[in-house]
Amino acid sequence: MSEAEAVAIVLLVGGMMYAIFGGADFGAGLWQLRPPAGELGERVTRRIDYSLTPVWEANHVWLIFILVVLWTGFPEAFGAVMTTLYIPLALAAVGIVLRGANFAFRHAITGTSLAWATRLFAISSVLTPFFMGTVVGAVASGEVPPDGGGDPMGSWTGLLPLLIGAMFVATGAYLAAVFLVHDARTADEGDVAAHFRRCALGAAVAAGALAAGGVFALRADARFVYDGLTGPGLPLVVLSALAGLGALVLLARGKDDRLTALGQRPVAVGAVAMVIWGWGVAQHPYLLPPEGGSEGLTIEAAAAASGALTTILVVFGIAAILILPAIGLLYVLSQRSLLE
């Protein structure tokens, strides 16, 4: 394995972590669009706030990590993406700012202002993952020329980018609901857990339907990635499907036994993680796949100088030793309700 491929794996790890934790963070906001009426709705809102507050900023560390690694490790690919997809990326950034501001504001305001803050928090929680998904879809469909300067509108408004954007939203909603089922059950909030279980089942069905449609869109608009997913990446796709089915079975059981408590979150996370790794295998050895007449951009061709790649790997190793345990401790303390 070359240094460039090692850095590409580091980039994929960051993408996986952001898809899981950042995705669940966005998904929790989506469930604020139309909360249940009455007292149940109030307790649903409190549960979302209580679960998100200790960790919501830490979840987005992974986005910064992805951008820095892409910029320093693969500057040519970074430039191509930024000069082509700056509109959806800017809209996603606006959504992140609006979401964070309104999540903070609604802890300090009341009345009509509180209602507006909650509404903006929920809407931006949908828009941000959607626009991020369109970026991934545009890259997969070969809409990003290696030298940059692609169509700023048409590159991300095709069928495949829009489907992947919707899949990002549905997947985040699914992960969030699964996490919140566990949190509500741990807090002995049976009716809140039941509400989020229904949400998780609905989001899983939506994500499955979008994934089925995405297969046909991939075959039509991103043949290189499609061939990779049905070739070298197929075992990971199968594992993802099995994990997804396992999560659905545990959710549909509607029981609070030890099997459900221990298995629900790992299999849900595993389903998402396997798709991401399968996508990485399918796209190898390209950062920008050869599609639509484009020659694409390989990992080796896009890589920065050897010194920069070595620095990234060293810093990642140090971060893995010092920072990852701290983030893990944060999640553990949050799950044990030891943070205020």
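Helices (H or I, at least four residues) and strands (E, at least two) are DSSP runs, numbered from the N terminus. Residues are numbered from 1 along each chain as its sequence is written. You're looking at a predicted model, where local features need pLDDT of at least 70, side-chain atom pairs count only at pLDDT 80 or more, and totals for chains, interfaces and linings use all residues, while side-chain values use heavy atoms, with hydrogens and water left out.

**Stop 1: a cis bond**

Select H284 and P285. The peptide bond joining them is cis, with omega at about 10°. P285 sits in the loop between α12 (258-283) and β1 (286-288).

**Stop 2: helix α11**

Now pick residues 234-253. At 1.5 Å a residue (times one less than the number of residues), the 20 residues of α11 should span 28 Å, and the end C-alpha atoms are 29 Å apart, which agrees. Next, colour S240, A243, A247, L250 and L251: these residues of α11 are buried, meaning under 20% relative accessible area, whereas exposed is over 50% and partly exposed in between (1.4 Å probe, protein chains only). They cover an arc of only 100° around the axis, which puts them on the same side of α11; the arc is that of the directions from the helix axis to the C-beta atoms.

Which exposed residues sit on the face of α11 turned away from its buried side? They are P235, L242, L245, V249 and A252.

Show the surface and select L234, V237, V238, L239, L242 and L245. Together they form a nonpolar patch with about 510 Å² of accessible area. Patch residues have over 30% relative accessible area and no salt bridge; like charges are joined within 9 Å, and nonpolar side chains (Val, Leu, Ile, Met, Phe, Trp, Tyr) within 5 Å. The areas come from the Shrake-Rupley method with a 1.4 Å probe, and for residues only the protein chains shown count as cover. V237 is partly exposed, at 32% relative accessible area.

**Stop 3**

Jump to residues 38-52. Helix α2 has 15 residues and reaches 22 Å from its first C-alpha to its last, close to the 21 Å expected. Show the side chains of E39 and R43: they meet in a salt bridge (3.6 Å, N to O). A salt bridge here is a side-chain nitrogen of Lys or Arg within 4 Å of a carboxyl oxygen of Asp or Glu. E39 and R43 are four residues apart in α2, about one turn of the helix. E39 counts as exposed at 55% relative accessibility, but R43 counts as buried at 18%.

Still on α2, select R47 along with E189. Their side chains meet in another salt bridge (3.2 Å, N to O). E189 lies in the loop between α8 and α9 (190-221) and R47 in α2, so the pair ties together parts that are 142 residues apart in sequence.

**Stop 4: aromatic rings**

How many aromatic pairs does a search of the whole structure find? Seven. Rings of Phe, Tyr and Trp (its six-membered ring) pair if their centres lie within 6.5 Å; planes under 30 degrees apart count as stacked, over 60 as edge-to-face and the rest as tilted. Select Y18 and F26: their ring centres are 6.4 Å apart and their planes at 90°, so this pair is edge-to-face. Both Y18 and F26 are buried.
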